[in-house]
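Me: I have a structure to go through before I set anything up. Can you walk me through it?

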Amino acid sequence: MAVPRILVFAGSAREASFNKRLARLAAARIEALGGHPTFIDLRDYPMPLYDGDLEDAQGLPDNALALRKLLAEHQGLLIASPEYNGFVTPLLTNTIDWLTRPHQGESGLALFKERHAGLISASPGGLGGLRALNHLRQLLTNIGVTVLPDQLAVAKAGDAFDAEGNLVDTAQSDMLDAVCQRLVTTLDRQHAD
Ligand SMILES: Cc1cc2nc3c(=O)[nH]c(=O)nc-3n(C[C@H](O)[C@H](O)[C@H](O)COP(=O)(O)O)c2cc1C
């Protein structure tokens, strides 16, 4: 049986992003739990703010096409989402918006339809970005992604990681493993069918 491939990224471009740190850790845990993760940094895939006139004139940005290709090569998504004003970041929604557009007769939505996703977040605040996860869950469901019920929101993110980038709190570390394990197991089962 092929090892499930999982695309891992954060909704932040910031160099010192807590969510990138959490996403990198999740990628390592997916690998340890039997999946095949690909970590990408959305800073490497800059795109203009979605504009229908721009799309009409120039089509999809090259980086949207590159991400579509990556998405097609992976069965799962693991997204670490920062929270801005209780919501998903513009970087994340803009990336998803471009990816859902059709291209040369190929539906963008079809790329998401068969995918499963696990959600995690980190924030210096007390709720750990939990409110944004609810919106991200809704957004991904709207475009046909099956979002797994397990999720992790890491509060007080400035104190949550040790020098090696691991989570200090064992319960949080176990929860991250539970999210990653469920994603790997679900994809394994799906491909066994
Ligand atoms: C515009 C803006 C709005 C924010 N709103 C929230 C919020 O609603 N809840 C929260 O926990 N943190 C909020 N923050 C703080 C972010 O959680 C913090 O900047 C975090 O480090 C961003 O994630 P990152 O470290 O992955 O870049 C906000 C930050 C910005 C820039």
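Me: Start with E55. Which helix is it in?
Reply: E55 belongs to helix α2, which covers residues 52-58. Keep in mind that this is a predicted model.

Me: Is E55 buried or exposed?
Reply: Buried: its relative accessible area is 11%, and the cut-off for buried is under 20%.

Me: How far is E55 from R101?
Reply: Their C-alpha atoms are separated by 9.2 Å, while along the chain the two are 46 residues apart.

Me: OK, now the sheet. Why is β3 described as largely enclosed?
Reply: Because 5 of the 5 residues in strand β3 (residues 76-80) are buried, the rest of the structure largely encloses that strand.

Me: Which residues of β3 point which way?
Reply: G76, L78 and A80 point one way, L77 and I79 the other way, and all of them are buried. In a regular strand, side chains alternate between the two faces of the sheet.

Me: How does β3 pair with β1, and over how many bridges?
Reply: Strand β1 (residues 5-10) pairs with β3 in the parallel sense, over 5 bridges.

Me: What does A117 pair with in β5?
Reply: V147 is the bridge partner of A117 there. Strands β4 (residues 116-122) and β5 (residues 146-154) run parallel and are joined by 6 bridges.

Me: Switching to the ligand. Which residues come nearest?
Reply: There are 13 residues around the ligand, and S12, S17, E83, N85 and S123 come nearest. By class, the shell has 4 nonpolar, 6 polar and 3 charged residues.

Me: How much of the ligand does the protein bury?
Reply: The protein buries 70% of the 620 Å² that the ligand exposes when taken alone.

Me: Where is S12, and is it buried or exposed?
Reply: S12 is in the loop between β1 and α1 (18-32). Its relative accessibility is 7%, so S12 counts as buried.

Me: What does the side chain of S12 reach?
Reply: It reaches the backbone nitrogen of R14 at 3.2 Å. The side chains of S12 and S17 are also joined by a polar contact of 3.4 Å.

Me: Back to N85. Where is it, and what is its phi?
Reply: N85 is in the loop between β3 and α4 (90-99). Its phi is positive, about 50°, although N85 is not a glycine. Most residues other than glycine have a negative phi.

Me: What about Q104, what is its phi?
Reply: Near 50°, a positive value in a residue other than glycine. Q104 is in the loop between α4 and α5 (109-113), and at 73% relative accessibility Q104 counts as exposed.

Notes: Residues numbered from 1 in each chain as written. Predicted model: local features only at pLDDT ≥ 70, side-chain atom pairs only at ≥ 80, totals over all residues. Heavy atoms only, no water. Near = heavy atom within 4 Å. Areas by Shrake-Rupley, 256 points an atom, 1.4 Å probe, with all protein chains shown as cover. Nonpolar A, V, L, I, M, F, W, Y, C, P; charged D, E, K, R; others polar. Pairing = 2+ DSSP bridges. Helix = DSSP H or I, 4+ residues; strand = E, 2+ residues; numbered from the N terminus. Buried < 20%, exposed > 50% of the residue type's maximum accessible area, 1.4 Å probe, protein only. Polar contact = N/O pair within 3.5 Å; in protein donor to acceptor, adjacent residues only side chain to side chain.
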